[in-house]
Amino acid sequence: MATAVLGDGPVYPVADYFRAGTVLELRAEDRGPDGSYVKKVRWISAGYIGPVLVRAARIDGKGTASSGFAYTGEERHGGHYAELDSPARDLPGTTTVGGPGCYVLQVDGTTFTTTVVFRAA
């Protein structure tokens, strides 16, 4: 169960993995050999069945970002694509960022598009 979510949904990143609302905390132990940071970010869906595409990008400068679900879907169309088959899904996943900065997650389904802006620090 999530105590809070980010965005307008119906597919949401769980806010419990962010501090101060929308800050993704970067720690030394999250840093990979390539210098990027991989953070656990759980997703949930509420009342939506169908395809979903999650994309991530840095918006304050050059840098890389990605986000996806751990046990379902595949890389497609510049993001992570999955078919959600239940109106209530718990979707473990990760978000990877190149370093501190401002980022956006865009979530697209057949009946919605929503964005979530966050800071990695």
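What is the relative accessible area of Gly-98?

A: Gly-98 comes out at 32% relative accessible area, so it is classed as partly exposed. On this scale buried is under 20%, exposed is over 50%, and partly exposed is in between, using a 1.4 Å probe and protein chains only.

Before going further, a word on the model. It is a predicted one, where local features need pLDDT of at least 70 and side-chain atom pairs count only at pLDDT 80 or more, while totals for chains, interfaces and linings use all residues. Residues are numbered from 1 along each chain as its sequence is written, and side-chain values use heavy atoms, with hydrogens and water left out.

Back to the glycine. Gly-98 sits in the loop between strands E10 and E11, the latter covering 101-109. Strands here are DSSP runs of E with at least two residues, helices are H or I runs of at least four, and both are numbered from the N terminus. Leaving aside neighbours within four places in sequence, Gly-98 is in contact with Gly-35, Ser-36, Tyr-37, Thr-64 and Tyr-103; contact means heavy atoms within 4.5 Å. Take Thr-64 from that list: it is 34 residues away from Gly-98 along the chain, yet their C-alpha atoms are 5.1 Å apart.

Now step back into strand E10 (residues 93-97), where you'll find Thr-96. Thr-96 has a relative accessible area of 18%, so it counts as buried. With neighbours within four places set aside, Thr-96 is in contact with Ser-36, Tyr-37, Val-38, Thr-64, Ala-65 and Ser-66.

Further along, strand E12 (residues 113-120) holds Thr-114. With 5% relative accessibility, Thr-114 is buried. Its C-alpha is 6.7 Å from that of Gly-7, a residue 107 places away along the chain. Gly-7 is also one of the contacts of Thr-114 beyond four places in sequence, together with Asp-8, Gly-9, Val-11, Leu-105, Gln-106 and Val-107.

That list leads to the start of the chain. The peptide bond from Gly-9 to Pro-10 is cis, with omega near 20°, and Pro-10 lies in the segment before E1. Most residues other than glycine have a negative phi, and most peptide bonds are trans. The phi side of that has its own exception here: His-77 has a positive phi near 55° without being a glycine. His-77 is in the loop between E7 and E8, and it is exposed, at 59% relative accessible area. The hairpin formed by E7 and E8 has 2 residues between its strands.

Next, how the strands pair up; two strands count as paired if DSSP finds at least two bridges between them. E1 (residues 11-13) pairs with E4 (residues 43-46) in the antiparallel sense over 3 bridges, with Val-11 opposite Ser-45. E4 is also joined to E9 (residues 88-91), antiparallel, by 4 bridges, and there Trp-43 is partnered with Leu-91.

E8 (residues 79-84) has pairings too. E5 (residues 50-58) runs antiparallel to E8 with 5 bridges, while E7 (residues 74-76) and E8 pair antiparallel over 3 bridges. His-80 of E8 is the bridge partner of Val-54 and also of Glu-75. Since 5 of the 6 residues of E8 are buried, the strand is largely enclosed by the rest of the structure.

Among contacts between residues at least 6 apart in sequence, 65% join residues at least 24 apart. For 121 residues a compact globule would have a radius of gyration near 14 Å, and the chain agrees with its 13 Å; that radius is taken over C-alpha atoms, and the globule rule is 2.2 Å times the number of residues to the power 0.38. The C-alpha trace spans about 35 × 30 × 25 Å along its principal axes. Of the 121 residues, 44% count as buried.
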